[in-house]
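Please keep the sequence and the structure in view while reading.

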Amino acid sequence: MADRPRPQLPARLPTPLGRRATVVGAGSFGTAVAVLLARGGFRTTLQARTPEQAERLQADRQNEAYLSGVEFPKELRIGHVGDGLAKAELVFLGVPSRGLEDVIATLEGTGLSPRASIISLAKGLVPPEGIAPTILLTRAFGADRVACVGGPAHAREMVSEGAGLVVASTDEELATTISSVFIRAGVVCESSNDPVGVELAGAAKNAAALAAGATERQGLNAAGAAAGHIFAEVWRFAEAQGARPESMIGLAGTGDLVATALAPQSRNRRAGELLGEGVPTAEIPGRIGQAVEALESVPLLARALERSGVDAPVTRGLADLIAGELPLDGWVALVRTTVPPSPARWRPRPRGEGETFRARMRTRWEDRRARRAARRAGDPE
């Protein structure tokens with residue numbers, strides 16, 4: 001870590017040193033985020049689910065179960081969810097999206113300050129509606145207190161080599177405060193004011209990685225088509241929700257997709273491979289050893305796209321594959337034969353655009369002809 005060049009902090013970013021942060025959830029990503037926050041200058045506490053797990057983390061000073069070999073900074077404090085959140089200025093929720101509603105319901109009873117900010121680390125959707133986590137958090141706490149984290153960030157590499165994170169919030173100060181502490185910890189971090197776009201990009205990435213893994217044995221073309229179809233279908237849904245295209249194209253979307261598709265340890269990719277081998281969905285989390293967000297979020301995503309009127313046959317087919325209602329050969333046939341709707345580039349060009357272009361070209365051609373005539377007459381101008 002010390003030998004690697006660190007990203008440069010823009011001068012305008014706030015100085016968050018000394019602020020109190022709590023990460024709720026000691027899985028691999030929650031642990032990695034806690035390590036980075038402590039390195040970056042936040043007074044950070046990592047809260048485990050139980051006192052027993054907290055005692056184990058404190059004794060080992062690393063997370064042997066989920067992030068072995070990564071030593072905790074001496075500044076990182078360890079606690080458990082029963083300790084409460086009364087002192088926390090920023091609360092990072094490192095819990096699966098399926099449990100987010102239950103966690104929100106308990107936050108007020110933890111002594112959470114009415115001024116504390118809540119940041120979602122989940123890359124899934126919240127049942128039963130299949131909504132983005134920040135939408136649920138905004139309903140409970142208000143948009144100016146809510147943010148999310150996205151981007152290509154495999155936990156182990158993030159704490160040893162770096163990552164390309166995105167922190168998104170409609171509150172600029174909150175987004176820049178969090179991004180600056182990650183940058184101080186040696187991680188590139190972009191600020192965004194499009195939290196729903198960043199979260200849907202993460203959901204699309206998980207679904208696309210699962211689809212590619214499920215199709216890989218049928219060929220790389222099929223795997224790429226599966227991922228591309230799903231990403232495009234979610235993109236159309238995201239635009240309908242007001243998300244910006246750059247959230248899907250940038251670090252949170254295609255950047256994260258490439259990292260996940262290439263990573264042999266990716267849970268979503270591996271889950272797809274197991275689906276492709278015929279392993280029942282119910283057995284896959286046990287085989288992998290952790291929860292797999294995409295197995296739960298893809299059915300939610302398919303229903304959300306259907307409700308919004310987005311034509312999404314490949315996402316729907318992947319949900320059916322997960323449910324055991326579509327055989328693998330049917331899934332592959334769907335991927336290979338689906339033709340996406342015509343893209344926006346075929347819309348008629350605005351009237352006058354062609355004429356303006358032709359006028360510019362005509363003027364340029366006439367200028368060149370005049371210069372050539374002047375040179376032939378011996379006048380350099």
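## Packing of α1 against α6

At what angle do helix α1 and helix α6 pack? The model is a predicted one, in which local features need pLDDT of at least 70 and side-chain atom pairs count only at pLDDT 80 or more, while totals for chains, interfaces and linings use all residues. Residues are numbered from 1 along each chain as its sequence is written, and side-chain values use heavy atoms, with hydrogens and water left out.

Helix α1 (residues 28-40) and helix α6 (residues 172-184) pack at about 85 degrees, and their axes are 7 Å apart; axes here are lines fitted to C-alpha atoms, for helices over the stretch in contact, and angles run from 0 to 180 degrees between N-to-C directions. α1 is therefore roughly perpendicular to α6, a term that covers 65 to 115 degrees. On the α1 side the contact (heavy atoms within 4.5 Å) is made by V33, L36, L37 and G40, and on the α6 side by V181, F182 and R184. By class, these residues are five nonpolar, one polar and one charged, where Ala, Val, Leu, Ile, Met, Phe, Trp, Tyr, Cys and Pro count as nonpolar, Asp, Glu, Lys and Arg as charged, and the others, Gly among them, as polar. Helices (H or I, at least four residues) and strands (E, at least two) are DSSP runs, numbered from the N terminus.

## Packing of α7 against α13

The axes of α7 and helix α13 (residues 293-308) come within 9 Å and cross at roughly 110 degrees, which means that α7 is roughly perpendicular to α13. From α7, the residues A203, N206, A207 and L210 meet E293, A294, L295, V298 and L301 of α13, and this contact has seven nonpolar, one polar and one charged residues.

## The largest pocket

The largest pocket holds about 1,200 Å³ of space; a pocket is, on a 1 Å grid over the protein atoms alone, an open set of points with protein on both sides within 12 Å along at least five of seven lines, whereas a cavity is a set of points where a 1.4 Å probe fits but cannot get out, and lining residues have an atom within 4 Å of a point. Its lining has 43 residues, of which G27, S28, F29, R267 and Q290 lie nearest the centre of the pocket. By class, that lining comprises 19 nonpolar, 16 polar and eight charged residues.

Because domain 1 (20-193) and domain 2 (197-344) both give residues to the lining, the largest pocket lies between them; the domain bounds come from an automatic or database domain assignment.

## The largest cavity

About 40 Å³ of space lies in the largest cavity, and its lining is made up of A122, K123, C148, V149, G150, V198, E199 and G202. β6 (146-150) and α7 (195-215) each supply at least two residues of this lining. Both domain 1 (20-193) and domain 2 (197-344) give residues to the lining, so the largest cavity lies between the two.

## Backbone details

P127 and P128 are joined by a cis peptide bond, with omega about 0 degrees, and P128 is placed in the loop between β5 (117-120) and α4 (133-141). R61, although it is not a glycine, has a positive phi of about 55 degrees, and R61 is found in the loop between α2 (51-60) and β3 (77-80).

Technical notes
Parallel < 35°, antiparallel > 145°, perpendicular 65-115°, else oblique. Points joined across faces, edges and corners; volume = space filled by probe spheres on them.
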